[in-house]
Amino acid sequence: MGFKSSLRLLATILLIGLVSAQRDHQHARSIRSSTGLKNEAETESEYWRQNAQKILTAKLEQLQAAHTKRAKNVIIFLGDGMSIHTVTATRNLLGDSAEKVYFERFPFTGMSKTYCVNRQVADSACTATAYLGGVKGNYGTIGINANVPRYNCLGALNEADQVQSIAQWAQAAGKDAGLVTSARVTHASPAGVYAHIADRNWENDMEVTAGGCDSNQTIDIARQLVEWTVGKNLKVILGGGRQNFINSTVRDEAGYPGYRQDGRNLIRDWLHDKQARNSSASYVWSRTGLNQLDLDNTDFLLGLFASGHLPYDGDRARSPAFSPLADPSLTELTEAALRVLRRNENGFFLFVEGARIDMAHHSNYARRSLEDTAEFARAVQKAREMTSEEDTLIVVTSDHSHVLSINGYPDRKLDITGLADALGDDNKPYSILSYANGPGYDGTFNKAEGRKVLTQKDSQHPLYVHPSMVPLDADTHGGDDVAVFASGPYAQYFSGNYEQTNIPAMMARAAGIGPYANL
């Protein structure tokens, strides 16, 4: 073989090797052949053709049956931090990638843009103003427009800069309104229903003072809930956060001292206000107390079931301290709220938040987040079963996403919270789910061995902290768009891609309330 021929052969071998390396790098080889077939029918082309035909038929029927009658009732379900990746991963947790989380069956789906006026990646405060009031504000602020910077003590008192929520529009139209959350009822998302404040952390007077403001002038979120017009007229308030309502010298039913410094007991003040109106009102703090109420004859209901946030839903089954017998689920709270609100012949507006989806993500607790997403979906199903598609619009969405990703090419049969059936270039296993940042970094890397060796036993623990790439005390939110699912009157409005601020406008238009009633 001549010199030139040898060079050509060598070049060909190198080219083949380069192409092969690139191919393998883009699509990593599994450490074993896949046995992930879960449905034998999926191997046949006809299965997918019939599936497409079924979907097309359903879409045509949905368009023909699109409701154009005004919505008597409007319910918005807010999965806090429920990114599209979160919903996708929850399908697998519930059984398989081909499954649908309940609200994915809703006939109309859209996407909303979640940024704040001054941030690419939003928090739960500015987004609450957007999807409840129709106006984008600054990061960390609630119920005010972007003229008011965060931490401005008195800026939220200017009525021209206050943003009315759809709850206020509903009340003005003679409807009742309420809120349900698995967080503190003064937390950022539920506060968007009733509050106007320049810092989401000002949930009690102690926090206002710590922020350098006069708590007699800058009214904290808990006081706004009890004293201001929208908050004190909410017929249902269910969630956690007792400590923000009682003084530091007083202990709540679980023995925890309050945070307030003004000597107020806002729970007692709330009851006194309802008694002065000759209304039947009940305060409960446990699942047992809730179950003992005659909800069909209750005018006002305040339920504070935890000193802080309610427990993660999965922990209710795993931990004796948070047993289902002691703590109500989001589904149970939703049912209780609907039983009170449905008594108004003019209808109602209800806000329901699955808050701990977000909090689990912040700690890189992927399994906990998916479990709370599954419970959130059960609450949506309960609401849809208790209401009619003819007169009740249900909208399901999220305020923002998270930096969760689904990795590798895992076998269909693998647990979504476990390890991928492949190795990294360092010959070590990696998780199917991981985060771009967060506390999981500490369990992922160390100086001695670099990336730590993960085991299935590690990943199967319910409190397994999933790996992250950048070390942070808590993971950040993500800036990608979030999904919107709708069922009921004018659900067709919610198709497409739009600003998050369009959501309350479309809900109000469907119900014929607020500034968008007669457009």
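Which residue stands opposite Ser405?

Author: This is a predicted model, in which local features need pLDDT of at least 70, side-chain atom pairs count only at pLDDT 80 or more, and totals for chains, interfaces and linings use all residues. Residues are numbered from 1 along each chain as its sequence is written, and side-chain values use heavy atoms, with hydrogens and water left out.

Ser434 in E13 stands opposite Ser405. Strand E13 covers residues 433–438. E10 and E13 run antiparallel, joined by three bridges. Strands here are DSSP runs of E, at least two residues long, and helices are runs of H or I, at least four, numbered from the N terminus. Two strands pair if DSSP finds at least two bridges between them.

Now the whole sheet. Three strands form it, in the order E10-E13-E16. The sheet is open, and its pairing is mixed. Strand E10 (404–406) and strand E16 (468–471) are the edge strands, each pairing on one side only. On average, neighbouring strands are turned by 20° against each other, direction ignored.

A helix joins the picture. Helix H3 (residues 84–93) packs on this sheet. H3 touches E10 and E13, where contact means heavy atoms within 4.5 Å. The direction of H3 makes about 45° with that of E10. Such angles run from 0 to 180 degrees between N-to-C directions, and the axes are lines fitted to C-alpha atoms, for helices over the stretch in contact.
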